[in-house]
Amino acid sequence: MSDEPKAKKKKGGSMKMILLLAVGLVVGSASAAGGLYAAGFFGHKTEGPKEDPNKPVLVLAGENAEEIAKAHGGGAAHRGEPGKGIDLPTPANPVAYQATYFQMQAPFTSNMTDTDAFAQISIAVSTYYDMRVIEAIKTHEMAIRSQVLMMLAQQPEEMLSTPQGKQVLQGKIKTIINDVLKQKSGYGGIDNVYFTNFVIQ
């Protein structure tokens with residue numbers, strides 16, 4: 001009697017075992033990969049840009065700027081990254097939004113650059129954004145006053161005596177206020193500057 005059939009039978013059993021192990025390995029790997037995919041391991045998170053909760057928002061006509069500010073956290077706009085800032089654009093259709101006005105109480109008084117005369121002006125500002133813009137002006141009024149007075153001291157009397165010169169001055173003050181707000185709070189938001197008193201003597 002020969003042992004050859006038994007050897008063939010043993011060899012066939014080993015092949016079955018290898019095939020079963022291979023199939024098990026493939027199935028196990030596929031299950032593990034499926035689990036990781038379901039858990040988001042292979043996918044990139046598709047989160048959109050996050051809106052800064054401190055960013056003032058536009059106030060629709062008829063809405064209350066203070067209530068809108070409170071609904072978004074209230075208080076002055078503040079960002080923890082001073083030195084940079086974002087302009088808040090004037091809406092394309094201003095009629096659809098509520099303007100809020102703020103009178104700066106103390107006047108600005110400065111000598112003129114080319115004569116012994118001095119100018120004394122009082123200003124108010126407006127914004128279409130919520131009350132956080134006005135609160136930021138109150139918080140940083142000292143910095144705003146300093147910048148405005150330095151600019152005013154560089155203006156010639158002749159220029160401020162003309163309507164065109166006053167319009168130029170309005171634009172300069174608006175730029176100064178928005179720049180200070182951007183540096184200090186992260187956002188501008190002033191739409192216009194108004195002279196409520198203007199004296200040159």
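**Salt bridges and a helix contact**

Modeller: Arg132 is buried, with a relative accessible area of 2%. Here buried means under 20% relative accessible area, exposed over 50%, and partly exposed in between, using a 1.4 Å probe and protein chains only. This is a predicted model: local features need pLDDT of at least 70, side-chain atom pairs count only at pLDDT 80 or more, and totals for chains, interfaces and linings use all residues. Residues are numbered from 1 along each chain as its sequence is written, and side-chain values use heavy atoms, with hydrogens and water left out.

Arg132 has a partner. Its side chain meets that of Asp130 in a salt bridge, 2.8 Å from N to O. A salt bridge here is a side-chain nitrogen of Lys or Arg within 4 Å of a carboxyl oxygen of Asp or Glu. Asp130 is buried too, at 0% relative accessibility.

By this rule there are five salt bridges. Another one joins Lys182 and Asp87, at 3.1 Å from N to O. This pair links distant parts of the chain, 95 residues apart. Lys182 sits in helix H6 (residues 163-185). Asp87 lies in the loop between helix H2 (65-71) and strand S1 (100-103). Helices (H or I, at least four residues) and strands (E, at least two) are DSSP runs, numbered from the N terminus. Lys182 is buried, with a relative accessible area of 14%.

Now helix H3. Lys138 forms a salt bridge with Glu135, with the closest N and O atoms 3.6 Å apart. The two are three residues apart in H3 (residues 132-139), so about one helical turn separates them. Both ends are partly exposed: Lys138 at 41%, Glu135 at 27%. Elsewhere, salt bridges that share partners join Asp87, Asp179 and Lys182 into one network.

How do H3 and H6 pack? Their angle is about 90 degrees, with the axes 10 Å apart. Axes are lines fitted to C-alpha atoms, for helices over the stretch in contact, and angles run from 0 to 180 degrees between N-to-C directions. The two helices are therefore roughly perpendicular, a class that covers 65 to 115 degrees.

Val133, Ala136 and Ile137 in H3 meet Ile177, Leu181 and Ser185 in H6. Contact means heavy atoms within 4.5 Å. The residues of this contact divide into five nonpolar, one polar and no charged. Ala, Val, Leu, Ile, Met, Phe, Trp, Tyr, Cys and Pro count as nonpolar, Asp, Glu, Lys and Arg as charged, and the others, Gly among them, as polar.

Conventions:
Angles under 35 degrees count as roughly parallel, over 145 as roughly antiparallel, 65 to 115 as roughly perpendicular and the rest as oblique.
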